[in-house]
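Notebook open, model loaded. I'm jotting down what I looked up, one topic at a time.

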Amino acid sequence: NYETYHQTALNNSDFGHQTWDRATLGALDASSYSHYQAVVWSAGLQYPTLVKDDRDALANYLDGGGKLFINGQDIGWDLCYSGSSNYSADAVAWYQNYLGATYVADDVASATLNGIDGDPITDGLSLTIVGGDGANNQTYPSRIAPINGGSTILTYHNSQIGAVKKGSGPYRTVYFAFGFEGINSQASRDAVMQNVIYWIINGDGTSSVDSPKPFL
């Protein structure tokens, strides 16, 4: 129930978009994703995060040059921890290959993140994921590490990694191992969303989006 945080940031950045409620409407098939220039996936804190049908459809979309911004608590735990009901070798491979991340640990015990100098998405950013006008729901922000072409874009105050991007291959992905909705100010959420969208569309952080396709 955190899509409004994403919708408002997209509205404030003038990106046309549509919303698909996965919990109510079920999974989108692979062909449906091709209608969208980019997909913003909010996992919130709900299990399972992405079942096999979701992963297969997104893989097909990304292999065709798709763009994905995915965020939420416990995505890594759900897909990569052997005690999770959604765990499988296929889930781990999808997570590592498409998101460019490996799951390290749950509940990093940090509520602040800093950007990476020179990174087109996060250079100069300092984020807090508790309080303010955010959802104040970040119980399990995760610790991750880049793999398979991923690169670090946000670190927690204790230098653990909280977000990665991947731009190798035909697709581009940005993965936050915490919920976007937890960012505690509208101005910060707007800046993050705009920077992420510009990068996944253009690959270099330039501030223009030319395609008329909407965002999902």
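I began with a salt bridge: Asp 133 pairs with Arg 189, and the closest N and O atoms are 3.0 Å apart. My rule for a salt bridge is a side-chain nitrogen of Lys or Arg within 4 Å of a carboxyl oxygen of Asp or Glu. The pair links distant parts of the chain, 56 residues apart: Asp 133 is in the loop between strand 5 and strand 6, and Arg 189 is in helix 7 (residues 186-202). Helices (H or I, at least four residues) and strands (E, at least two) are DSSP runs, numbered from the N terminus.

Ground rules, before I forget. This is a predicted model, so I take local features only at pLDDT of at least 70 and side-chain atom pairs only at pLDDT 80 or more, while totals for chains, interfaces and linings use all residues. Residues are numbered from 1 along each chain as its sequence is written, and side-chain values use heavy atoms, with hydrogens and water left out.

Asp 133 is partly exposed because its relative accessibility is 40%, whereas Arg 189 counts as buried at 2%. The cut-offs are under 20% relative accessible area for buried, over 50% for exposed, and partly exposed in between (1.4 Å probe, protein chains only).

**Other salt bridges**

How many salt bridges does the rule give? The count comes to 5. One of them joins the side chains of Asp 90 and Arg 55 at 3.2 Å, N to O. Asp 90 is in helix 6 and Arg 55 in helix 4, so this pair ties together parts that are 35 residues apart in sequence. Arg 55 is buried, with a relative accessible area of 3%, and Asp 90 is partly exposed at 36%.

I also looked at Lys 52 and Asp 56, whose side chains meet in a salt bridge of 2.7 Å, N to O. They are separated by about one helical turn because they sit 4 residues apart in helix 4. Lys 52 is partly exposed at 45% relative accessibility, and Asp 56 is partly exposed at 36%.

**Cores**

Which residues touch the most other members of the largest nonpolar core? I found Trp 41, Trp 94, Tyr 95 and Tyr 175, in a core of 30 residues. For me a nonpolar core is a set of buried Ala, Val, Leu, Ile, Met, Phe, Trp, Tyr and Cys residues joined through side-chain atoms within 4.5 Å. Elements that each supply at least two residues of this core include strand 1 (39-42), helix 4 (52-63) and strand 8 (161-166). Helix 6 gives the most to this core, with 6 residues.

Then I listed what Trp 94 touches, not counting residues up to four places away in sequence: Leu 50, Arg 55, Leu 58, Ala 59, Leu 79 and Leu 99. Contact means heavy atoms within 4.5 Å. Apart from this core lies another, of 29 residues, among them Val 40, Ala 163, Phe 180 and Ile 201.

**Two basic residues, Lys 67 and Arg 172**

Is Lys 67 buried or exposed? Lys 67 counts as buried, at 13% relative accessibility. Lys 67 is in strand 2 and, with residues up to four places away in sequence not counted, touches Arg 172, Tyr 61 and Ile 200, among others. Arg 172 is in strand 9 (residues 172-176) and is buried as well, with a relative accessible area of 18%. Leaving aside neighbours within four places in sequence, the contacts of Arg 172 include Lys 67, Leu 62, Trp 199 and Asn 202.

I found a cis peptide bond between Tyr 47 and Pro 48, with omega about -5°. Pro 48 is in the loop between strand 1 and helix 4.

Ala 109 has a positive phi of about 60° although it is not a glycine. Ala 109 is in the loop between strand 3 and strand 4 (112-115) and is exposed, with a relative accessible area of 62%. Ser 159, not a glycine either, has a positive phi of about 75°. Ser 159 lies in the loop between strand 7 (150-156) and strand 8, and it is exposed at 57%.
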